[in-house]
Amino acid sequence: MKKFFLENTGLKIASVLLAIVLWLFVTSRGQSEMSIDVPLEFKNIPAGLEIANNNIKTVSLNIKGQERLIRNVKSSDIRVYVDLSKAKRGEGIYYISREDTRVPRSVTVTSISPLSVKVVTEETITKTVRIVPVVFGEPERGYYVRALDVTPQNVVIEGIRSEIAKVSNLKTEPLDVTGYNMSFSQMVKIDLTGKNIRPQVNEVSIKVMIGARTQ
């Protein structure tokens, strides 16, 4: 056995080096690199805080790997996170590193752009607001809408302070009363168009009381 290792030592070393060179050559062939845009995600947002604004929504990554693998990579295969566990209320700059990315096996990240994101956080608050029922149309001739009753009359809304401050009441989606000659009730959704809030309930009941006109 000893003789086997000592004979032709130079030739064996050369063979090993040649094998390494060939391996490097083979593995480097077919390498490809591409740029891909990935949605930026946030995790570990402290309780009682919400993101009010962030200056970038996507991150551009350069990724590298075997051409056959790179060719099939989609943005949904990659995740980029920003850890906000140490975030405090207000504006902060958070940096993005390779450790914040998750890519398929055998694929590596060679660059990230941009390398930071500006995030503004605000505290979460709640508030109770009045519900305003909205109807349209005309009841049957000789009848009119005598009164509207909405249940519940108030709902609790939740959101960041700046958005909650904009809301003093909430309207319902319009309810058509055209052609009615008697009272009725119907569930309708709360109109949240343009509002970045979360109401405790999404629907309320409107009771439309129809009265007959006196001659």
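What share of the contacts in the chain with a separation of 6 or more comes from residues 24 or more positions apart? The share is 73%, with contact meaning heavy atoms within 4.5 Å.

This is a predicted model, in which local features need pLDDT of at least 70, side-chain atom pairs count only at pLDDT 80 or more, and totals for chains, interfaces and linings use all residues. Residues are numbered from 1 along each chain as its sequence is written, and side-chain values use heavy atoms, without hydrogens and water.

**View 1. Overall dimensions of the chain.** The C-alpha atoms fill a box of roughly 125 × 40 × 30 Å along the principal axes.

**View 2. Secondary structure.** The chain holds 4 helices and 16 strands. Both are DSSP runs numbered from the N terminus: helices are H or I, at least four residues, and strands are E, at least two.

**View 3. The aromatic pair.** The ring centres of Tyr180 and Phe184 lie 3.8 Å apart, with planes at 15°, so the pair is stacked (rings of Phe, Tyr and Trp, its six-membered ring, pair with centres within 6.5 Å; planes under 30 degrees apart are stacked, over 60 edge-to-face, the rest tilted). Phe184 is buried at 10% relative accessible area. Tyr180 is partly exposed at 29%. Buried means under 20%, exposed over 50%, partly exposed in between (1.4 Å probe, protein chains only). Across the chain, 27% of the 215 residues are buried.
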